[in-house]
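Please consult the sequence and the structure shown below while reading.

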Amino acid sequence: AALRAKALDPAAAGSTYARGRKVRLAQFRGGTVGDLYLLTGTRTKTGTVDWEAPVEITETAFHYVMQAPSPEEPQTKRLAYFLKFLESSNDFIANDAYNEFALAAFEDVLPLQDQLPLEKLRTWIQAASDGNGPIGSRSGLYGVLLGIGGTRADAEFLKAAMIDRPRDTKLGMEGAIIGYLFLSGAEGVRTLQAQTLSAPESTFDSIYPVLMGIDMVWTYGRDRVPAESLIAAMRSILDHPRAREFAILALSRWKDWESTERLVDLYDRSTADEDGVRNNIITFMLNCSRATREVDGQPIPIPEASRAHEFIERLRRDDPVAIERAERLTRPAVRKPRQKPDAG
């Protein structure tokens, strides 16, 4: 078979394997002259390449691969290329373009705001909502992209097309939540809180994507959504037994030390089978007990630190094993000083 593919040459990085060059594969793959295959591999520490199984591709897909920006190019530049091929009629191309976005860091996607095909995104999302469009995971990506570049009207569109129809778009719900909150801000958080987070009948499956979406917005969207709105929403999840374990982790990571007293009470009311909740509360308290704020240029303990310390000392008497385990997991890593080379 005629095997044409871009690959890394162990002898010359960035070169292209041409006709007549040979590579060794782990398994036999038959073919005829003129067939096109995509061959990818991973360079090992020794400089050799571990090759994947060849994938047969069309002429169109071949040109798509050959014209793709090099992995050494800035990620945002690469994503701008793959953006043009989302929902391609060629399945290989459509899947590959989606995977590039699925594996990309969120901060690399944000600069594409002015390049996004908004009308196409709306069309794809509506088609997914109607049951004859992209699969759920793709519709989630399109929800995020619409949230990055869309308008306030698109917030209501996302809510109607995806959030209010969770059974139809379950896999893409987290992306829809992120896009919706990017466009609706504090008002959107309050809507989701009333509709899902504060509703006693809400299930874990309906709460979890909202929780994950809020957590993502905390990291990347606090210029769009006030922090206090996100904190209030995350605190409300503490009322749901199956989801509170994840909310506690988020509040600890967000340094919401004002929740200290509530979490002490929650620990005291927890049962023996709620190990995840208990362990995460202990981690929260250890982090809180070490937290400081700067006053006149000097770090001093935050007001809640003493309450967290009291909790830890009580638990050290009542459940020393749990405290010791949590301390091992939260102990700051100690970096060894680098050895200076001998001058001689």
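Of the 344 residues of the protein chain, 43% count as buried. The model is predicted. Its accessible surface comes to about 19700 Å², and carbon and sulfur atoms account for 50% of that area. The chain contains 15 helices and eight strands. Among contacts between residues at least 6 apart in sequence, 59% join residues at least 24 apart.

Helix 10 spans residues 227-236, and its buried residues are Ser-229, Leu-230, Ile-231, Ala-233, Met-234 and Ser-236.

| Covering helix | Residues |
|---|---|
| Helix 8 | 173-197 |
| Helix 9 | 204-220 |
| Helix 11 | 244-253 |

**Packing of helix 12 against helix 14**

How are helix 12 and helix 14 oriented towards each other? Helix 12 (residues 260-269) packs against helix 14 (residues 305-318) at an angle of about 20°, and their axes lie 10 Å apart. Because angles under 35 degrees count as roughly parallel, helix 12 and helix 14 are roughly parallel to each other. Their crossing is left-handed. On the side of helix 12, the contact is made by Thr-260, Glu-261, Val-264, Tyr-267 and Asp-268; helix 14 contributes Arg-307, Ala-308, Phe-311, Arg-314 and Leu-315. By class, this contact has five nonpolar, four charged and one polar residues. As a general point, an α-helix has 3.6 residues a turn, so residues three or four places apart point the same way.

Methods. Residues are numbered from 1 along each chain as its sequence is written. This is a predicted model: local features need pLDDT of at least 70, side-chain atom pairs count only at pLDDT 80 or more; totals for chains, interfaces and linings use all residues. Side-chain values use heavy atoms; hydrogens and water are left out. Axes are lines fitted to C-alpha atoms, for helices over the stretch in contact, and angles run from 0 to 180 degrees between N-to-C directions. Helices (H or I, at least four residues) and strands (E, at least two) are DSSP runs, numbered from the N terminus. Angles under 35 degrees count as roughly parallel, over 145 as roughly antiparallel, 65 to 115 as roughly perpendicular and the rest as oblique. A crossing is left-handed if the near helix is turned anticlockwise from the far one by less than a right angle, and right-handed if clockwise. Contact means heavy atoms within 4.5 Å. Ala, Val, Leu, Ile, Met, Phe, Trp, Tyr, Cys and Pro count as nonpolar, Asp, Glu, Lys and Arg as charged, and the others, Gly among them, as polar. Buried means under 20% relative accessible area, exposed over 50%, partly exposed in between (1.4 Å probe, protein chains only). Accessible areas come from the Shrake-Rupley method with a 1.4 Å probe; for residues, only the protein chains shown count as cover.
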